[in-house]
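Hello,

Here is the structure we talked about passing on. Please have a look at it first; my notes follow below.

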Amino acid sequence: MNIEEFIKHFAEQFDEINAADVLSTTKFKELDGWDSLVAISLIAMVDAEYGVKLTGDEIRNAQYVSELFEIVKSKN
Amino acid sequence: MNPYSLEGKKILITGASSGIGRTIAAQASLAGANIVICGRNSERLNDTFDLLHRGDNQRHDRAIFDLADESATLEIIQQFSDFDGVVFAAGSDLIQPFSFTTSHQLKTIMDDNFTGQALMLQKLIKTKKINTGASIVFFSSVNGTSIGSKGHSLYAAAKGAINGLVRVLANELSKKKIRVNAIAPGMVETGLMKMNEEVVSKELLEAHRKDYPLGFGRPEDVAYLCIYLLSGASVWMTGQSITIDGGLGINR
């Protein structure tokens with residue numbers, strides 16, 4: 001898996017965010033539209049695309065998109 | 001005689017290997033009932049069996065099978081008869097936005113929370129295993145009754161189906177004075193809640209707890225309502241989905 005692809009899937013969980021607006025250094029909780037539903041969408045997406053179980057606590061403890069990517073990659 | 005007593009009543013309880021079902025089994029045995037517990041997990045079902053109160057003349061039984069397996073259900077039913085109460089406490093949840101739903105998930109959640117129970121009850125009625133004056137108790141939820149929690153669409157849909165079934169069966173079975181009701185609880189501290197905690201994070205769940213004036217429920221808080229519904233004290237109650245939610249619904 002690579003970060004570009006991960007960011008593309010990540011951005012799809014938002015209604016009004018394009019992959020181009022998201023960088024690995026983006027603080028994802030500051031993105032417009034971030035809420036609990038996007039968080040569970042993210043969990044469902046990671047499960048469907050990468051077969052990885054991401055937990056609510058892992059999302060809560062992460063700040064940057066790159067951190068999410070690293071967690072998923074390490075479990076992949 | 002104490003109107004809340006279950007003495008001499010034979011009660012079938014599904015989903016008795018954990019959570020609310022296990023607590024209902026224990027409380028109903030304390031109230032004097034003869035219990036038949038069902039569940040999928042033999043080890044945990046046996047733990048429940050050991051919890052049951054055994055007074056003079058009380059006799060309990062157990063059956064291990066999956067409600068989603070229709071032929072297994074039919075086979076088990078044939079071994080029992082004369083029920084004065086049936087409690088459907090089996091269930092499962094899935095936390096996911098509706099847009100990710102697959103047909104397999106839809107089927108699984110509906111089977112676990114609605115179809116398996118509906119078909120089991122259908123067979124119990126058809127084979128005349130339920131006594132006149134019996135009480136049937138389903139589990140609905142505030143979710144699918146009065147609220148719609150994000151991420152729980154399939155669970156809420158199944159609970160909505162339960163609410164509809166309860167209305168019609170209460171009418172159809174009234175001829176035999178059989179009552180049919182559903183309990184619609186708010187968040188209760190069980191294994192299912194632990195699953196919520198893992199997915200949505202402990203922090204969010206703690207924030208949600210503040211929406212409950214009396215806090216989250218304990219399994220026994222819900223079990224006591226179930227005992228009332230199984231007892232003669234509730235002979236005039238039928239066709240209802242009764243909310244029990246620690247005040248969640250009035251906290252707006």
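**What I found**

Read from the N terminus, chain A of this predicted model runs α-α-α-α. That makes four helices and zero strands. The radius of gyration of chain A is 11 Å, close to the 11 Å that the globule rule gives for 76 residues, so chain A is as compact as a globular protein of that length. Along the principal axes, its C-alpha atoms fill a box of roughly 25 × 25 × 20 Å. Buried residues make up 28% of the 76 in chain A. Take the contacts in chain A between residues at least 6 apart in sequence: 48% of them join residues at least 24 apart.

Now the contact between the chains. Twelve residues of chain A are in contact with 13 residues of chain B. On the chain A side, α2 (36-50) and α3 (56-61) each supply at least two residues. The largest share, seven residues, comes from α2(A). By class, that side of chain A has six nonpolar, four polar and two charged residues.

Next, the cores. The largest nonpolar core has 62 residues. Ile11(B), Ile13(B), Ala28(B) and Cys226(B) touch the most other members. Leaving out residues up to four places away in sequence, Ala28(B) touches Leu6(B), Ile11(B), Ala33(B), Ile35(B), Ile227(B) and Leu230(B).

Best wishes

Conventions:
Residues are numbered from 1 along each chain as its sequence is written. Chains are lettered from A and ligands numbered from 1 in the order in which they are written. This is a predicted model: local features need pLDDT of at least 70, side-chain atom pairs count only at pLDDT 80 or more; totals for chains, interfaces and linings use all residues. The radius of gyration is taken over C-alpha atoms; the globule rule is 2.2 Å times the number of residues to the power 0.38. A residue is buried if 20 or more other C-beta atoms lie within 10 Å of its own, exposed if 12 or fewer, and partly exposed in between; C-beta atoms are placed from the backbone. Two residues are in contact if their C-beta atoms, placed from the backbone, lie within 7 Å. A nonpolar core is a set of buried Ala, Val, Leu, Ile, Met, Phe, Trp, Tyr and Cys residues joined through C-beta atoms within 7 Å. Ala, Val, Leu, Ile, Met, Phe, Trp, Tyr, Cys and Pro count as nonpolar, Asp, Glu, Lys and Arg as charged, and the others, Gly among them, as polar.
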